[in-house]
Amino acid sequence: MSTDAPYQIPTHRCLEDRLNAAQLMHLEVPGCPVVVDSMENSSNAAYGAYFDRLYILQEGTIVYQGGRGPEGYRITDLRDWLDQYRETLEKSSNLVISVD
């Protein structure tokens with residue numbers, strides 16, 4: 001749970017809670033795969049997903065890594081990074097290259 005998220009999702013008490021949270025995430029970003037672990041956290045145990053963390057990858061390189069979560073990351077930090085990146089792209093698309 002991020003302290004600056006636009007909505008708060010309480011701790012899941014049953015699989016239905018997890019499925020409802022996944023549906024909410026899917027509505028926010030349609031087309032993005034969302035996976036739900038069992039209440040026994042078998043995927044978490046099998047793959048060692050100890051901490052949530054937000055990443056941005058470009059061409060296989062990590063260009064943004066949020067803090068260890070869920071308490072350590074902030075959605076606003078991620079959004080700020082994306083906004084700055086968008087501004088950089090907009091500025092670079094206005095370049096004029098002259099070839100003599």
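Visitor: Which residues form a nonpolar patch on the surface?
Guide: Leu15, Leu19, Met25, Val34 and Val36 do, with about 390 Å² of accessible area together. Patch residues have over 30% relative accessible area and no salt bridge, with like charges joined within 9 Å and nonpolar side chains (Val, Leu, Ile, Met, Phe, Trp, Tyr) within 5 Å. A salt bridge is a side-chain nitrogen of Lys or Arg within 4 Å of a carboxyl oxygen of Asp or Glu. Areas are Shrake-Rupley with a 1.4 Å probe, and for residues only the protein chains shown count as cover.

Visitor: Before more of that, what kind of model is it, and what gets counted?
Guide: This is a predicted model: local features need pLDDT of at least 70, side-chain atom pairs count only at pLDDT 80 or more, and totals for chains, interfaces and linings use all residues. Residues are numbered from 1 along each chain as its sequence is written, and side-chain values use heavy atoms, leaving out hydrogens and water.

Visitor: What is the mean pLDDT?
Guide: The mean is 80, and 81% of the residues reach 70 or more; pLDDT is the predictor's confidence in each residue, from 0 to 100. Confidence is lowest in helix 2, at a mean of 77, and highest in helix 1, at 89.

Visitor: How many helices and strands?
Guide: There are 3 helices and 2 strands, running α-α-β-β-α from the N terminus. They are DSSP runs numbered from the N terminus: helices are H or I with at least four residues, strands E with at least two.

Visitor: Back to Val34. Where is Val34?
Guide: Val34 sits in the loop between helix 1 (15-28) and helix 2 (42-47). Val34 is partly exposed, at a relative accessible area of 34%; buried means under 20%, exposed over 50%, partly exposed in between (1.4 Å probe, protein chains only).

Visitor: And Gly69, buried or exposed?
Guide: Gly69 is buried, at 6%. The loop between strand 2 (61-65) and helix 3 (75-92) holds Gly69.

Visitor: How many aromatic pairs does a search find?
Guide: A search of the whole structure finds 2. Tyr64 and Trp81 have ring centres 6.4 Å apart and planes at 55 degrees, so that pair is tilted. Rings of Phe, Tyr and Trp (its six-membered ring) pair if their centres lie within 6.5 Å; planes under 30 degrees apart are stacked, over 60 edge-to-face, the rest tilted.
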